[in-house]
Structures are given as C-alpha cells and as structure tokens.
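Welcome, and thanks for taking a look at this one.

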Amino acid sequence: MKSRTFPAHLPRNPPARETCSCTSGEFDVANSHVLLVGAGSGLTPLYQLIFHQTAGAKNLSLYLLDGSKTVDDIWCEDALEQAVAAPSPLTSVAHFVSRGAVDTQKQGQILYNAGRVDHGAVRKVVNAAGKPWKALLCGPPKFNTEVAKACRACGMVKEDVIVC
C-alpha cells in the first residue's frame, strides 16, 4: 500500500536553512528557484528537501517534477497537496505517469500528466518564473542525463544542475 501522507519519522518544523546537501555536496538555495526532478526512489532525497531542509526558508521557490510508472506509485500525494496549498517554499508539483491511466483533469494544486518528464516539461516550469535557477535531479542515470540536458538548454549553467 502506498503512503499518501507525510512520513511520521520526519520532523515537521525544522530550522530554516539557506543551504541544502545531498550526496553530491552542499549547495546554496538562498534567493533561488529550485527545480526538483525525480523518478522512482530518487524522490526520497527530494522529499527530505521539501519537508525538512528548506522549511521556513525565505526567498526560495521549489518546483517538483515527479516521474512515476503508475498513479499508485506516486508517494505522499496528500502531503504534497498540503505543502503546495500552505505557505511553504513548495510552489508547484507536477506528476508524470508513464504507464496506465491518469486523470489529467483532476482538480487541486497538483498537476497530473500522462508520459515522462521531458524537455518540454522542464522548459514550461523554467520559463514561467524568473531567474536564478538551480536544479536537483534524482533518478536513474539516463533520466538524470536527459533532464540535465533540458536544464542546460533552458539556460542553467552546469554548476547549478546537481545530480544526486
């Protein structure tokens, strides 16, 4: 059974930080738009950023693109819906489902899309907001390579595209 709610073992109100860390090192997120792109189990470190490391941060906007095989594979839907609706750095969430039916007309703050995260999805998010941009990618190697290319095609420099 999938988890639709916030993981109970994570603290709800951690202190705000202006840097975040992952296996690739620490990076500055102050005054930035941060594109979080993950697929499969790569979503785990992104959730930690959304719900723990950036809680209470100022001048920070997080945008999550989430790739899953099926709708049932999407983690913490309810918690993400609440985070987008509440005052938090999480600005938008878009789920991409590569197999099975998906209700792209579902009402709410979160967007549901049939297909995979691609150049068009990255471009749509990046072009909708001003700069500066950073990206944190967590997924299979081929996925990370393709999304990193899309980020650079949107004007992000290599140093601001971090792969976990």
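Setting aside neighbours within four places in sequence, Ser-68 is in contact with Asp-73, Ile-74, Phe-96, Val-97 and Ser-98. Please keep in mind that this is a predicted model.

**Around Ser-68**
- Ser-68 belongs to strand E4.
- Ser-68 counts as buried because its relative accessibility is 10%, under the 20% cut-off.
- The side chains of Ser-68 and Asp-66 are joined by a polar contact of 3.2 Å.

**The largest nonpolar core**
- This core has 26 residues, and the members that touch the most others are Leu-36, Leu-46, Ile-50, Leu-64, Leu-80 and Leu-90.
- Two or more residues each come from strands E3 (32-39), E4 (60-68), E5 (90-97) and E7 (133-138), and from helices H1 (43-53) and H2 (77-85).
- H1 gives the largest share, six residues.
- Ile-50 is in contact with Leu-36, Leu-62, Leu-64, Leu-80 and Leu-90, leaving aside its neighbours within four places in sequence.

**A second core**
- A separate core of 24 residues includes Ala-94, Phe-96, Ala-129 and Met-156.
- Phe-96, one of the residues in this second core, is also in contact with Ser-68.

**Around Ile-162**
- You will find Ile-162 in strand E8, which spans residues 161-163.
- With a relative accessibility of 11%, Ile-162 is also classed as buried.
- Between Ile-162 and Lys-134 the C-alpha to C-alpha distance is 7.9 Å, although 28 residues separate them in sequence.

Key:
Residues numbered from 1 in each chain as written. Predicted model: local features only at pLDDT ≥ 70, side-chain atom pairs only at ≥ 80, totals over all residues. Heavy atoms only, no water. Core = buried A, V, L, I, M, F, W, Y, C linked by side-chain atoms within 4.5 Å. Buried < 20%, exposed > 50% of the residue type's maximum accessible area, 1.4 Å probe, protein only. Helix = DSSP H or I, 4+ residues; strand = E, 2+ residues; numbered from the N terminus. Contact = heavy atoms within 4.5 Å. Polar contact = N/O pair within 3.5 Å; in protein donor to acceptor, adjacent residues only side chain to side chain.
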